[in-house]
Structure formats: structure tokens, C-alpha cells
Amino acid sequence: MVPERAEIAVIGAGIIGIATAYYAAVVQGLRDVVLIDAGAPMAFTSAQSGENYRNWWPHPAMVALTDRSIDLLEGFARETDNRIAMTRRGYVVATRQTDVAPLLEELRVGLGDRAEGLIRIHEKASSALYQPPVSPAWEAAPDGVDTLRHQALIRATFPSFDPEIQTVIHIRRGGDIRGQQLGMVMLERFREAGGRRLSARVQAIEAGAGFKIALAGPEGVQRLTVGRFVNAAGPFAGEIAAMLGIDLPLHNVFQQKIAFEDAKQAIPRVMPFAIDLDPQQIDWSEEERAMLREDPALAWLADEMLGAIHCRPDGGDGGRWLKLGWAFNDRAAAPSW
């Protein structure tokens, strides 16, 4: 049943909404916090996450933000005996290019004053200073960035990479977690702190003395009056903002992701999250390529594709699945349930 009043309402029970409700109720100690979503927690876009983290960004503000976020993730890992399955084999970007000065400059800018001690260059066939990503343990992983610029060292460390790869940049403070478990940990603690979750769809919001939110749920349309609310509705955040006459410049773009069993065990389980930076051509037969070119809607698949294919083993060291992502789509689309 929907209560008549609450102090704070968080709209959206994805990872952002749950985290917001958790920090309001548990960390800040605020009372009477309500978390609202039409579906189950972590069931929409948060369920499709790559579940990766990294502190590799070309701006110091983003590096500081992600470093702080990773600090918080480590806190959850410690407190829960690593219930969130945090690993740290790093984040790898690979290219067939030898001139990666722009990438290294981005790293230096992002790391700021710390760059000198954190960026390491390895240009020989072996390096006593380079620690291969054998262990998933985040506590023992090095910090900083290792740049591998010798093909023998690259082949020895990453045998599943294309033999033509010339340079590998290995960002060490990166890895993956179980996002669903992180959401559940925060949700459990939110409830223990007195937070409430409502299964309902927001139909309208009226501003006045606080906010009156019309909610459609199992018992029909009911109204909740709150002092403050947080719009954490993910791809539907624009629709929530429009209920208050606010034009939120939000564009939703579908990304391509696929998961499948690595039946031939082509990818070592110890491989970090890896990104191939170079443009690609899909290996069609000549007949298939000719058929694609005849269809205006599909002809683009026969041309050179953007780089940045993402790949990582999924399911831990004992698993058999892979996750792939390729964010080549840039067309905005309306979100739909």
C-alpha cells in the first residue's frame, strides 16, 4: 500500500536509484525514504550492464570520481567477504599501431601530478617490473598503467590477441564486479535502515508544497506527497522530468552486447577486460558481402566498422562464458519496456 507521505522518494530502482536510496537512508541517516519502480530492482538497464569498472579517463575530475567510486566498491568487498565478486585484472586496450602518444598523453592528463610514478613503459621481450594479470585478487593488484611495446611480451601475456597487435596499454585499477549482488547488498541495508520500496509506475508529478506523485500499482492509482524526490529513472528520466515541464536533453542509444559459451576455450579465463581499438571488417564471404551491399539497409555491415570491440571472460575463472560489446550504434531511440 502506498503511504500518504514520505520525506524523500527515489524514482527508479536500478543501480543508481538503489545507491541513492542507500546513501540517503544508511549513510546519511535520513528517515522516511521511499524507492519507487514499476519493475523488480536491477531488472531493466542495470541487468544489462557490462559490470566493469576502471579509473582510466582523459580528465582529472573523472579519474578522481572513479577512484572514489572504486574506493567505495572496495569497502563493500571488504565488508561482505567479497559478496560482490570484485576482481582486478585490469582494463586492456590493444592496437596494431606503434604510435600511441595521444593515448599516453590522455593518461598523463587524467592522472595529473601522479602520472610520473604510475605510467610504466615496457619495450623488451620480458620485464621484471611487469606483473601479468594472473590473479583476480583486487587487494594484490598493482596501481597505475603498464604499456607493453614488444610483441614477444604481448604474445606471452595475451596469447589470444591478434599476433599483429603492436601495443597494449594495461590500466591496472580496473576489473569487474557482480552488479546484481552490489544492488542487493545496498537494498538489504536500505530496508534494514527503515527504507521502503514501492512497486508502482509514476503517472504524474505535481509541484506545490512539496511534490504530489500519482502512482499506478496493484491497488489502482494512489498519491504520495514528498518533500523531495530524485529522478533516477534511467532511460525514462526524460519522461519523469517532462511531468514537471522540464526538457531534459537526454538521448538513449542502444548498444550491442552478446554473451555466449566459449565452447572451444579460445579465450583464457585470466584475460582482463580487453578493447580492440582498431577498425574492423566482418569476415563475410565474398558472396555474403555482395548480398549485403545490394540492400541499402544492410550495406553498412559490409564496410569498415568502428573499432573498440569489447571482450571479457564472464562467470569467473571456472566459468565458460564470454561477454562481447560493440558500441558502434549512435542513433537515438525511444526507450520501451
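Two strands count as paired here if DSSP finds at least two bridges between them, and helices (H or I, at least four residues) and strands (E, at least two) are DSSP runs numbered from the N terminus. With that settled, here are some notes on the model above.

1. **What we are looking at.** This is a predicted model, in which local features need pLDDT of at least 70 and side-chain atom pairs count only at pLDDT 80 or more, while totals for chains, interfaces and linings use all residues. Residues are numbered from 1 along each chain as its sequence is written, and side-chain values use heavy atoms, with hydrogens and water left out.

2. **The chain overall.** The protein chain holds 8 helices and 16 strands, and its C-alpha trace spans about 70 × 55 × 40 Å along the principal axes. Of its 337 residues, 42% count as buried; buried means under 20% relative accessible area, exposed over 50%, and partly exposed in between (1.4 Å probe, protein chains only). Taking contact as heavy atoms within 4.5 Å, residues 24 or more positions apart account for 72% of the contacts with a separation of 6 or more.

3. **An open sheet.** Six strands line up in the order β9-β2-β1-β12-β11-β10, with mixed pairing. β9 (196–199) and β10 (201–208) each have a single partner strand, so one side of each edge strand lacks a neighbour in the sheet. Neighbouring strands are turned by 40° against each other on average, direction ignored; the axes are lines fitted to C-alpha atoms, for helices over the stretch in contact, and angles run from 0 to 180 degrees between N-to-C directions.

4. Strand β2 (residues 33–37) runs parallel to β9, joined to it by 4 bridges. Within this pairing, D37 stands opposite S199 of β9. Helix α1 (residues 15–27) packs on the sheet, where it touches β1 (5–11), β2 and β12 (220–231), and its direction makes about 170° with that of β2.

5. **Helix α6.** This helix covers residues 179–192, and its 14 residues reach 20 Å from first C-alpha to last, close to the 20 Å expected at 1.5 Å a residue (the expected span is 1.5 Å times one less than the number of residues). Which residues of α6 are buried? They are G179, L182, G183, V185, M186, L187 and F190. These buried residues pack against α1, β2, α2 (60–79) and β9. After α6 comes G194, with a positive phi near 100°.

6. **Aromatic pairs.** Rings of Phe, Tyr and Trp (its six-membered ring) pair if their centres lie within 6.5 Å; planes under 30 degrees apart count as stacked, over 60 as edge-to-face and the rest as tilted. The count comes to 8 aromatic pairs. One of them is the tilted pair of F44 and W337, at 4.7 Å centre to centre and 40° between the planes. F44 sits in the loop between β2 and β3 (52–54) and W337 in the segment after β16 (321–326), so the pair ties together parts 293 residues apart in sequence. F44 is partly exposed at 28% relative accessible area, and W337 is exposed at 54%. F158 and F161 form a stacked pair, 4.8 Å centre to centre with 10° between the planes, and both are buried. Ring pairs also link Y22, Y23 and F76 into a cluster.

7. **A buried aspartate.** D276 is found in strand β14 (residues 273–276) and counts as buried because its relative accessibility is 17%. Beyond its neighbours within four places in sequence, D276 is in contact with A94, R96, G307, A308 and I309.
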